[in-house]
Amino acid sequence: MIEMLKEIEFEPFILSFKLAGITTLILFFISLPIAWYLSQSNSKFKPFLEALTALPIVLPPSVLGFYILFSLSQNSFIGQFFQEYFNIKLVFNFYGLVIASCIYSLPFMVQPLQSGLESINKNMLEASYISGKSKLTTLFKIALPNIKPALLTAIIITFSHTVGEFGVVLMIGGSIPGETKVASIAIYEFTETMDYANAHIYSAIMITLSFLTLLGVYVFNGKQKNMFARGSK
């Protein structure tokens, strides 16, 4: 067992975590204004925007992957733009994976943030506005400190979901070692070649990391609820 562990290539895991970290960071800054708007808005267009942001959850990865692949290809405006001005091919490239991951994982960041922001006492926000604070200051100084469990949940679930991506990653990035071959793709290739020993090891590592991540979220959220309960007595 020890010898098998020594032979494991950790590059796919490192690449998975790198992709997940960058995606989570980008999505936080993209999703925060969206979640803030959705939590405060009564616009008739709100359901349309909510449905649009949640669409990647219900779309088959093959459908989503196909349209992302089409949009990033060299025949598209986006693909041609990056190729001409930055000399970057977005298909079968790490940059393309980041773009695809941001689209695929968007609802996993937006929805927990929106739920957390909607749970805030509106009187707190109104008091901030009355005292002369701007919406931006209210968001960062009042809202975010009061939704720590939702904030942590959004970040952890987005990170974990990106690490576990397969269908979209395979269609956009393929399996280029050191570039697009993430852990989920490595497991798929081990299974295809009937290398079940390595497939078991890689899968066990992914299961362990996923469990520990979720356990950390639930423990933190449980402590936050207990602190709130003690503070309200």
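This is a predicted model: local features need pLDDT of at least 70, side-chain atom pairs count only at pLDDT 80 or more; totals for chains, interfaces and linings use all residues.

1. Helix α2 covers residues 11–40 and contains 30 residues. From its first C-alpha to its last it reaches 43 Å, close to the 44 Å expected at 1.5 Å a residue.

2. Where does the kink in α2 lie? It lies at S31, shortly before the proline P33, and amounts to about 35°.

3. Helix α4 (residues 61–72) packs with helix α6 (residues 94–118) at an angle of about 135°, and their axes are 11 Å apart. The crossing of α4 past α6 is right-handed.

4. On the α4 side of this contact are P61, L64, I68 and L72, which meet G96, I99, A100, I103 and Y104 in α6. By class, the residues of the contact of α4 with α6 are eight nonpolar, one polar and no charged. In general, an α-helix has 3.6 residues a turn, so residues three or four places apart point the same way.

5. A second pair is formed by helix α7 (residues 122–130) and helix α8 (residues 135–143), which pack at an angle of about 130° with axes 10 Å apart. The helices α7 and α8 are therefore oblique to each other, and α7 passes α8 in a right-handed crossing. M124, L125, S128 and Y129 of α7 make the contact with K135, T138 and I142 of α8. The contact of α7 with α8 comprises four nonpolar, two polar and one charged residues.

Technical notes. Residues are numbered from 1 along each chain as its sequence is written. Side-chain values use heavy atoms; hydrogens and water are left out. Helices (H or I, at least four residues) and strands (E, at least two) are DSSP runs, numbered from the N terminus. The expected span of a helix is 1.5 Å times one less than its number of residues. The bend at a residue is the angle between axes fitted to the seven residues ending there and the seven starting there. Axes are lines fitted to C-alpha atoms, for helices over the stretch in contact, and angles run from 0 to 180 degrees between N-to-C directions. A crossing is left-handed if the near helix is turned anticlockwise from the far one by less than a right angle, and right-handed if clockwise. Contact means heavy atoms within 4.5 Å. Ala, Val, Leu, Ile, Met, Phe, Trp, Tyr, Cys and Pro count as nonpolar, Asp, Glu, Lys and Arg as charged, and the others, Gly among them, as polar. Angles under 35 degrees count as roughly parallel, over 145 as roughly antiparallel, 65 to 115 as roughly perpendicular and the rest as oblique.
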